[in-house]
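Let's walk through a structure together, one feature at a time. Have a look at it first, then we'll talk.

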Amino acid sequence: MKAIRKLEKGVGAEYVDLPTPEIAADEVLVKVEATALCKSDVDVYNWTPVVQGLTLPLPITMGHEFMGEVVETGAYVKGLAAGDRVVGETHIPCNHCHVCLAGHPHICANNMGVIGRNIDGSFAEYIKIPEIAAIKMDLPAEQGAVMEPMATALHGLTKGEVSGKTIAVLGCGTIGLMSIELAKIMGAAKVIALSTTDEKLAKASQLGADRVVNGKTEDLVEVIMEETKGQGVDLALEYTGSQTVINQMILSMRTAGTCVMIGMIDKPLTLENYMLKAVYKELVITGIFGRRIYQTWELLKAILETGRIDVSQYVCDTFALADFEKAIKASKSVPGRIILKP
Ligand SMILES: [Zn+2]
Ligand SMILES: [Zn+2]
């Protein structure tokens, strides 16, 4: 089969021939119908400092956001059969460490498998995954490929209260944009979205943001205080990883509000006025990594069943897998995901 592999350290990746994976008893073989290019894949391609710190086991097949059809099942697989269509849960828990047993398998503490990071990924004609990482869904392939990031957006929102609350979405990449639409569906009273790109701000408005803030020309803290009568926002989702934005967020929070850290931060972080603005205000500052298995997925399916989300709007363009380098170039400023088709 054909696959995109990161062969060695440094910038780049190769389109290569590989044997089709052989499955173990608890695994399924999935024929990849569509796979999405995530910013983190672009980081792996570009060999950024964060990626350099991850000690990727090279060579490795890249990619983790995908939809496909089960074509073969291992002897112990009970819940799936050939012909089922599935999307992939990127995090593969061990299901026996203390973290898994305590109800947090998505952040398993025991050498968790991460598709495309320490086990072979979805930029390929076929991928093998354990049954526990296959989420049955029935969607057009390109839309199925963006379910994993959409579930990430949803997991971020469930870290705080949304209904009736004022939410700041800081950064309008695909997951930020998805957060805006999901927050409105979940009953947010007001969503304020930050970006520095006009196209993304326009998309944010279209998805339901009540106020968009252009970080280049407007002061985020000023706008948020004006929009909240000086109270600040109840919940902020931080997608930029920027020290400046993170400090502005701390200043924009309502007392006892919740900050959810999602953006990649690749340098030591300095927080100004931390005691006064965060500790004494009892802010909750939390991260998220992945999606709750399977609570987030169940909630996402329920929301999709309402028919209120047009998933196709998050699919910006489609390229053949062989053209992944063109896709990487095209992905820079689009308001959504680029899809690769094997
Ligand atoms: Zn991703
Ligand atoms: Zn575990």
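## Reading the model, feature by feature

A: Let's start with a single residue in this predicted model: N111 is exposed, because 10 other C-beta atoms lie within 10 Å and the cut-off for exposed is 12 or fewer. N111 sits in the loop between α3 (98–101) and β8 (113–114).

Q: What is phi of N111 near?

A: Phi of N111 is near 50°, which is a positive value in a residue other than glycine. A256 also has a positive phi, near 65°, and isn't glycine either. That residue lies in strand β15 (residues 253–261), and with 10 C-beta neighbours inside 10 Å, A256 counts as exposed.

Q: Where is L54, and how many other C-beta atoms lie within 10 Å of it?

A: Look in the loop between α2 (49–52) and β4 (60–61) for L54. It has 14 other C-beta atoms within 10 Å, so L54 is partly exposed. As for L18, 36 residues away along the chain, its C-alpha atom and that of L54 are separated by 24 Å.

Q: Is the peptide bond from L58 to P59 cis or trans?

A: Omega is what to check here, and with omega near -5° the bond from L58 to P59 is cis. P59 is placed in the loop between α2 and β4. Another cis peptide bond joins I293 and Y294, with omega about 5°; Y294 is in the loop between β16 and α11.

Q: How do I read a sheet, and what is the strand order in the open sheet of six strands?

A: In general, strands of a sheet pair through backbone hydrogen bonds, either parallel or antiparallel. Here the order is β13-β12-β11-β14-β15-β16, and the pairing is parallel. β13 (211–214) and β16 (284–287) are at the edges with a single partner strand each, so one side of each has no neighbour in the sheet. On average, neighbouring strands are turned by 15° against each other, direction ignored. Zoom in on β11 (residues 166–170) and β12 (residues 190–195): they pair in the parallel sense over five bridges, and A168 stands opposite I192 in β12.

Q: Which strands does helix α8 touch?

A: Helix α8 (residues 220–227) packs on the sheet and touches β11, β12, β13 and β14 (233–238). Its direction makes about 170° with that of β12.

Q: What about helix against helix: at what angle do α5 and α11 pack?

A: α5 (residues 147–157) and α11 (residues 295–305) pack at about 105°, with axes 9 Å apart. The two helices are therefore roughly perpendicular to each other. Residues making the contact include M150 and L154 of α5 and W297 and L300 of α11. By type, the contact residues divide into seven nonpolar, two polar and no charged.

Key:
Residues are numbered from 1 along each chain as its sequence is written. Chains are lettered from A and ligands numbered from 1 in the order in which they are written. This is a predicted model: local features need pLDDT of at least 70, side-chain atom pairs count only at pLDDT 80 or more; totals for chains, interfaces and linings use all residues. Two strands pair if DSSP finds at least two bridges between them. Helices (H or I, at least four residues) and strands (E, at least two) are DSSP runs, numbered from the N terminus. Axes are lines fitted to C-alpha atoms, for helices over the stretch in contact, and angles run from 0 to 180 degrees between N-to-C directions. Two residues are in contact if their C-beta atoms, placed from the backbone, lie within 7 Å. Angles under 35 degrees count as roughly parallel, over 145 as roughly antiparallel, 65 to 115 as roughly perpendicular and the rest as oblique. Ala, Val, Leu, Ile, Met, Phe, Trp, Tyr, Cys and Pro count as nonpolar, Asp, Glu, Lys and Arg as charged, and the others, Gly among them, as polar. A residue is buried if 20 or more other C-beta atoms lie within 10 Å of its own, exposed if 12 or fewer, and partly exposed in between; C-beta atoms are placed from the backbone.
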